[in-house]
Each structure stands twice: as structure tokens, then as C-alpha cells.
Amino acid sequence: MVMSVRERTREIGIRKALGATTVEIMGQFFFETLLLCVIGGAVGIGLGYAFIEVWNSNIDIFALVLPIWAVKLALYTSIGIGSLFGIYPALKAARMNPSKALRFE
């Protein structure tokens with residue numbers, strides 16, 4: 001997300017120049033971070049479930065089970081990491097000076 005803020009500096013400058021508040025810009029970047037992490041967590045859970053299904057259909061020694069607590073833990077962990085690492089880029093974007101952001105290339 002730090003690179004996303006750096007790549008979108010000009011967009012942030014335009015939004016700030018047009019009157020976007022710090023809370024709005026911070027909310028946008030924080031929401032994007034959380035959305036990416038939730039999607040990544042869901043994909044990981046799906047791949048884990050698919051692996052378990054393939055394992056159970058091919059190997060008869062013992063069956064694997066995906067408990068609901070593991071799914072919740074994986075989802076909460078991805079949300080927590082997204083929150084933790086999304087705050088800094090969101091604050092950086094929200095505190096940007098519009099005139100410096102518009103000059104950035």
C-alpha cells in the first residue's frame with residue numbers, strides 16, 4: 001500500500017485540492033487495504049479447502065478436516081494484518097500537501 005500511495009500521489013493532490021478531507025482520503029486507502037487483505041484471506045481459505053478435498057479424495061490413510069475456528073482465525077488474521085499495515089499508508093496519503101502532490105511526477 002505504501003507503493004500505491006506513492007503511485008497515486010497526483011490523484012491524492014487533485015482530491016485534496018478539490019476539498020477532500022483527511023478523513024475521506026484516509027478512509028479510502030484504509031478500505032482498499034482491508035478489502036485486499038480480506039480477498040487474499042478468502043483466496044487462502046479457498047485454496048486450503050481445495051487442498052483438503054484433493055487430499056481426502058486421493059489418500060485413504062487419514063482424512064483432513066478444516067475446522068471453522070481455523071477459517072475464522074485465518075480471516076481475522078488477514079483483517080488484523082490489513083489494519084496494521086494499512087494505517088501508515090493511509091495516514092501518509094491523508095497528510096500529503098496538495099501543492100507538493102500535484103508537482104510530483
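Biologist: What makes helix 3 and helix 4 count as roughly antiparallel to each other?

Modeller: This is a predicted model, and in it helix 3 and helix 4 (residues 68–94) pack at an angle of about 150°, with their axes 7 Å apart. Angles over 145 degrees count as roughly antiparallel, and the two helices are therefore given that label. As for the hand of the crossing, helix 3 passes helix 4 in a right-handed one.

Biologist: Which elements have the lowest and the highest mean pLDDT?

Modeller: The lowest mean pLDDT among the elements, 72, belongs to helix 1 (residues 2–7), whereas the highest, 90, belongs to helix 3 (residues 22–58). For the protein as a whole the mean pLDDT is 85, and 96% of the residues reach 70 or more.

Biologist: Why is Thr-9 called buried?

Modeller: Thr-9, which is found in helix 2 (residues 9–17), has a relative accessibility of 6%; the cut-off for buried is under 20%, so Thr-9 counts as buried. In space, the C-alpha of Thr-9 is 26 Å from that of Gly-80, a residue 71 places away in sequence.

Biologist: How do you know that the buried residues of helix 2 are on the same side?

Modeller: The residues concerned are Thr-9, Ile-12, Gly-13 and Lys-16. Around the axis they cover an arc of only 100°, and therefore they lie on the same side of helix 2. Just after helix 2 comes Gly-19, which takes a positive phi of about 110°.

Biologist: What makes Phe-51 and Trp-55 an aromatic pair, and a tilted one?

Modeller: A search of the whole structure finds two aromatic pairs, and one of them joins Phe-51 and Trp-55, with 6.1 Å centre to centre and 40° between the planes. The centres must lie within 6.5 Å, and planes under 30 degrees apart would be stacked while those over 60 would be edge-to-face, so a pair between these limits is tilted. Both residues lie in helix 3, four residues apart, about one turn of the helix.

Biologist: Why is the pair of Trp-55 and Phe-62 called tilted?

Modeller: The ring centres of Trp-55 and Phe-62 are 5.7 Å apart and the planes stand at 50°, so this pair is tilted. Phe-51, Trp-55 and Phe-62 together form one aromatic cluster.

Biologist: Why are Trp-55 and Phe-62 called partly exposed?

Modeller: Trp-55 has a relative accessible area of 23% and Phe-62 one of 45%.

Biologist: Buried, partly exposed or exposed: which label do Gly-48 and Leu-36 receive, and why?

Modeller: Gly-48 has its place in helix 3, and at 29% relative accessibility it counts as partly exposed. Leu-36 is found in helix 3, and its relative accessible area of 54% makes it exposed, because exposed means over 50%.

Biologist: How many residues apart in sequence are Leu-36 and Ile-79, and Gly-48 and Glu-24?

Modeller: Leu-36 and Ile-79 are 43 residues apart in sequence, with their C-alpha atoms 9.3 Å apart in space. Gly-48 and Glu-24 are 24 residues apart in sequence, and their C-alpha atoms are 36 Å apart.

How values were computed
Residues are numbered from 1 along each chain as its sequence is written. This is a predicted model: local features need pLDDT of at least 70, side-chain atom pairs count only at pLDDT 80 or more; totals for chains, interfaces and linings use all residues. Side-chain values use heavy atoms; hydrogens and water are left out. pLDDT is the predictor's confidence in each residue, from 0 to 100. Buried means under 20% relative accessible area, exposed over 50%, partly exposed in between (1.4 Å probe, protein chains only). Rings of Phe, Tyr and Trp (its six-membered ring) pair if their centres lie within 6.5 Å; planes under 30 degrees apart count as stacked, over 60 as edge-to-face and the rest as tilted. The arc is that of the directions from the helix axis to the C-beta atoms. Axes are lines fitted to C-alpha atoms, for helices over the stretch in contact, and angles run from 0 to 180 degrees between N-to-C directions. Angles under 35 degrees count as roughly parallel, over 145 as roughly antiparallel, 65 to 115 as roughly perpendicular and the rest as oblique. A crossing is left-handed if the near helix is turned anticlockwise from the far one by less than a right angle, and right-handed if clockwise.
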